[in-house]
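Have the viewer open while you read.

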Amino acid sequence: MSIKCITMKNDVYYKNAVINGLDIFYRQAGNPEKPTLLLLHGFPSSSHMFRSLIDLLSDSYFLIAPDYPGFGQSSMPNTNEFEYTFHNLSVVIEAFIDELNLKNIHFYVQDYGGPIAFRIASRRPELVNSFIIQNANAYLDGLGEALAPLAAYIESDSEEAEKGARVFLKLEATKWTYIDGASKPEKISPDSYSLDQYYLDRPGNDLIQL
């Protein structure tokens with residue numbers, strides 16, 4: 001009797017690392033001997049946004065996808081304990097990279113992942129093998145008309161500007177990031193934007209995002 005071997009996708013592991021006193025949650029899959037692909041998520045999501053991609057690529061890459069402080073399952077210190085800037089987020093993720101001893105990294109960056117990874121690359125270019133860039137921005141002009149209220153808030157934290165920025169913390173805006181421009185919105189699971197909104201609605205997270 002012959003026995004056939006069935007090739008299975010690599011398991012996904014859900015881990016935590018203590019980085020600069022913060023608990024950083026991350027997803028890991030694949031063989032460490034394969035090329036390293038670091039998945040850096042955008043707003044308003046978390047590493048959850050990469051769950052299907054991780055399943056698809058786990059045979060070919062060693063995949064690591066962390067949640068930033070204030071996002072997903074990672075620590076959410078208040079704004080008096082941690083200054084939420086792209087610089088500080090990049091410092092945490094750089095320390096995370098060192099903690100996991102990641103080298104020769106393919107950076108997959110989406111949205112916020114861009115200004116975080118670009119800062120790391122400017123300090124540590126030797127870490128970078130390549131960039132895969134999905135809707136990430138490196139300059140203010142790239143924000144576009146749709147994000148004009150955010151650009152206004154960057155320039156001024158007035159009450160009026162804050163009101164405009166807060167629109168992006170509401171369910172309608174979170175859903176828009178998934179649905180807008182989709183040819184078949186009925187194929188987009190509502191679980192995605194519902195989970196993102198759950199994290200955004202946690203007490204104090206609005207101030208973190210602002």
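Which residues does Ser 46 touch, not counting residues up to four places away in sequence? The contacts are His 41, Asp 67, Gly 72, Asp 196 and Tyr 199, where contact means heavy atoms within 4.5 Å. Before going on, note that this is a predicted model, in which local features need pLDDT of at least 70 and side-chain atom pairs count only at pLDDT 80 or more, while totals for chains, interfaces and linings use all residues. Residues are numbered from 1 along each chain as its sequence is written, and side-chain values use heavy atoms, with hydrogens and water left out.

**Two loop residues**

Ser 46 sits in the loop between β3 and α1 (51-57). Helices (H or I, at least four residues) and strands (E, at least two) are DSSP runs, numbered from the N terminus. Ser 46 counts as buried because its relative accessibility is 2%; the cut-offs are under 20% relative accessible area for buried, over 50% for exposed and partly exposed in between, with a 1.4 Å probe and protein chains only. Asp 157, in the loop between α4 and α5 (159-166), has 60% relative accessibility, so Asp 157 counts as exposed. Along the sequence, Asp 157 and Leu 210 are 53 residues apart, yet C-alpha to C-alpha they are 9.2 Å apart in space.

**The sheet**

Now for the strands. Six of them form an open sheet with mixed pairing, in the order β1-β2-β4-β3-β5-β6; two strands pair if DSSP finds at least two bridges between them. β1 (12-19) and β6 are at the edges with a single partner strand each, so one side of each has no neighbour in the sheet. On average, neighbouring strands here are turned by 25 degrees against each other, direction ignored. Axes are lines fitted to C-alpha atoms, for helices over the stretch in contact, and angles run from 0 to 180 degrees between N-to-C directions.

| Helix | Strands touched | Angle of directions |
|---|---|---|
| α2 (residues 86-99) | β1, β2 (22-29), β3 (36-40), β4 (62-66), β5 | about 115 degrees with β1 |
| α3 | β3, β5, β6 | about 150 degrees with β5 |

Strands β5 (residues 105-110) and β6 (residues 128-134) run parallel and are joined by six bridges. Ile 105 stands opposite Val 128 in β6, and Tyr 108 is opposite Ile 132 in β6. With helix α3 (residues 113-123), β5 and β6 make a right-handed β-α-β unit: with the strands pointing away from the viewer, the path from the first strand over the helix to the second runs clockwise.

The largest pocket holds about 1,700 Å³ of space. Its lining has 46 residues, and Phe 43, Asp 111, Tyr 112, Leu 147 and Leu 150 lie nearest the centre. On a 1 Å grid over the protein atoms alone, a pocket is an open set with protein on both sides within 12 Å along at least five of seven lines, a cavity is a set of points where a 1.4 Å probe fits but cannot get out, and lining residues have an atom within 4 Å of a point.

The largest cavity has a volume of about 50 Å³, a volume being the space filled by probe spheres set on the points, which are joined across faces, edges and corners. Ser 46 turns up again here, among the lining residues together with Asp 196 and Tyr 199. α7 gives the most to this lining, with three residues.
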